[in-house]
Amino acid sequence: MSLPYAIWKNIKKGRALFLLFALAAFLPCTASAQPFSLIRDSKVSGNIWVRGTEDLRHDEPYEDTRTLRNKLFLEGKAQIEEHIRMVASVMSDYLWFRNDGSRDDFSTEMFEGYVEFSEQKWDITLGNQIVRWGKADEISPVDNLNPQDLRESITLRLEDRKLPVFMLRARYFLSEGAIEGIYKPHFRSAKTDFFGSDWATLKHLKTQVRHSTTLSQALKDYLTGLEIREKEYSTGLENSEAGLRFTGTVGNLDYGISYLYTRNSFPFIESFPIKNINVSNPSAEALLGQLAQAQLLDEDIIVTYERNQVIGAEVETTMGLFGIRGEAAYMTDQVFLKNDLTSTSKHILHYVLGIDRTFTNDWYANFQLYQRKIFSYDDRILFDHEFESGLFLRINKTLFHDKLRLNLDSLYNVTDNGFYLNPEVELRYVDNLSIFAGLNIFDGKADTFLGNYDRNDQGYLAVRFSF
């Protein structure tokens, strides 16, 4: 598939919604006594983002050799009245994997869209929103209000993986701080794949089975017929989520404490139809190697989403030229994958301490140390350790009056030596146009989280045009 054709396909599929949005932004209305046209006090902006990747090592027969992703984003903001503001945006997202047979995903949806009412002492926001709790950056245990799009794992930054959720947000400002309440009537899960890509839980299992010369046709039919059955959660009080947060300032220390009663957005595999297995990782090779002693049931893969609670604390301050940020969260019922490819839930304590500094010669560095403890640990858990430590480092440097920017994101798991590197060059020579070139490099043992993607190393070229 050529790049122009992929962009045209995205535009063609999403054009109806974009037209509706444009019409809505320009239509006159009479929200007050005087005739009012949104176009006079509104601002419309957007961007087109395209990223193509190329697998660096063709070391698996059915892997994704290339991917293409194209996002079209359009946002309108309007000040309806002095104390009423409206934000509406739409996102069209096209993702294409080139592998054996290829596959693509396309979605067009209302992204953030909300109305904000504000007074001096309070504000209320209602609608689709991305709301950030916590003060740490890329690793943020307290930030749990919005699910993530993980169809390309962590190769996109946290802010680019966030998905909006319909919620009511209310804040009341006190002299010594602010009280914030959140209510979410609908549940939205994270976007993940079980089959069909290098980043999917079971990667290219079905493709590998179809091409097998050793499996019987009956076994091929069984394995390629595996289906996911997700539990659906109706809108209602019993399935709603709510949270409360207090933030304040003491001297030059900003702090916050929070409680969130929510539902984990990561899938919990309640039942896997292939029983009596013990894999070291969820790869096709590992699963197919267990079939001799496995028991095969005529069932679907049952997926649910567990209730959980998060008690969080956050701080932020400065010490000289350094910014200091820290977070800690006690989280109940976090989801972990076991060696029988079902899930278990455990309580955890997760905390992170970060320090950053902008230097006078246009260097910026951000360093984070995180640790996580899983309580009542189960030895059958894959990838995650009972006690785990890791480091995150972000460095960037701007050159030629901000026309060129060098970025490096790196993640190192001290406990199992897995690591991830994302060096990137960003060229901003033309206003509103950024060109990115970079690498996503994973390394580690196959039974570690980062090492599980060791064969997914890729280079990429991306373009973002903003208007």
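Strand β12 (residues 253-263) and strand β17 (residues 307-319) run antiparallel and are joined by 10 bridges; two strands are taken to pair if DSSP finds at least two bridges between them. Strands (E, at least two residues) and helices (H or I, at least four) are DSSP runs numbered from the N terminus. The structure is a predicted model, in which local features need pLDDT of at least 70 and side-chain atom pairs count only at pLDDT 80 or more, while totals for chains, interfaces and linings use all residues. Residues are numbered from 1 along each chain as its sequence is written, and side-chain values use heavy atoms, with hydrogens and water left out.

Two residues separate β17 from β18 in a hairpin, where Gly320 in the turn has a positive phi of about 65°.

Strands β5 and β6 are joined by 13 bridges, and Ala88 stands opposite Gly113 in β6. The hairpin of these strands has four residues between them, with Gly101 at a positive phi near 95°. Strand β6 is in turn joined to β7 by six bridges in an antiparallel arrangement, with Gly127 in β7 as the bridge partner of Tyr114; the hairpin between β6 and β7 passes through three residues. Eight bridges then connect β7 (residues 122-129) to β8 (residues 165-174), again antiparallel, and Thr125 stands opposite Arg169 in β8. Strand β8 is joined to β9 (residues 177-184) by seven bridges, also antiparallel, and Phe173 has Ala178 in β9 as its bridge partner. A hairpin through two residues links β8 and β9.

A nonpolar surface patch is formed by Phe117, Trp122, Ile124, Leu126, Phe166, Leu168, Tyr172, Ile179 and Leu244, with about 740 Å² of accessible area together. Patches are made of residues with over 30% relative accessible area and no salt bridge, like charges being joined within 9 Å and nonpolar side chains (Val, Leu, Ile, Met, Phe, Trp, Tyr) within 5 Å. Accessible areas come from the Shrake-Rupley method with a 1.4 Å probe, and for residues only the protein chains shown count as cover. Strands β7 and β8 each supply at least two residues of the nonpolar patch; Leu168 is placed in β8.

The whole structure contains 39 salt bridges, each defined as a side-chain nitrogen of Lys or Arg within 4 Å of a carboxyl oxygen of Asp or Glu. One of them joins the side chains of Arg69 and Asp93 at 2.7 Å, N to O. This pair links distant parts of the chain, with Arg69 in strand β4 and Asp93 in strand β5, 24 residues apart.

Grid points are joined across faces, edges and corners, and a volume is the space filled by probe spheres set on the points. The largest pocket has a volume of about 900 Å³. Its lining comprises 37 residues, of which Asn47, Trp49, Glu159, Asp160 and Arg464 lie nearest the centre. Elements giving two or more residues to this lining include β3, β4, β5 (84-98), β6 (103-118) and α2 (158-161), and β3 gives the most, with five residues. The lining divides into 10 nonpolar, seven polar and 20 charged residues, where Ala, Val, Leu, Ile, Met, Phe, Trp, Tyr, Cys and Pro count as nonpolar, Asp, Glu, Lys and Arg as charged, and the others, Gly among them, as polar.

The second largest pocket holds about 310 Å³. Of its 18 lining residues, Glu60, Lys203, Ser283, Glu285 and Arg455 are the closest to its centre. Helices α3 (205-210) and α5 (284-288) each supply at least two residues of this lining.

Two cavities of 30 Å³ or more are counted. The second largest cavity has about 50 Å³ of space, and its lining divides into one nonpolar, five polar and five charged residues. Strand β3 gives the most to the lining of this cavity, with three residues.

Terms used:
On a 1 Å grid over the protein atoms alone, a cavity is a set of points where a 1.4 Å probe fits but cannot get out, and a pocket is an open set with protein on both sides within 12 Å along at least five of seven lines; lining residues have an atom within 4 Å of a point.
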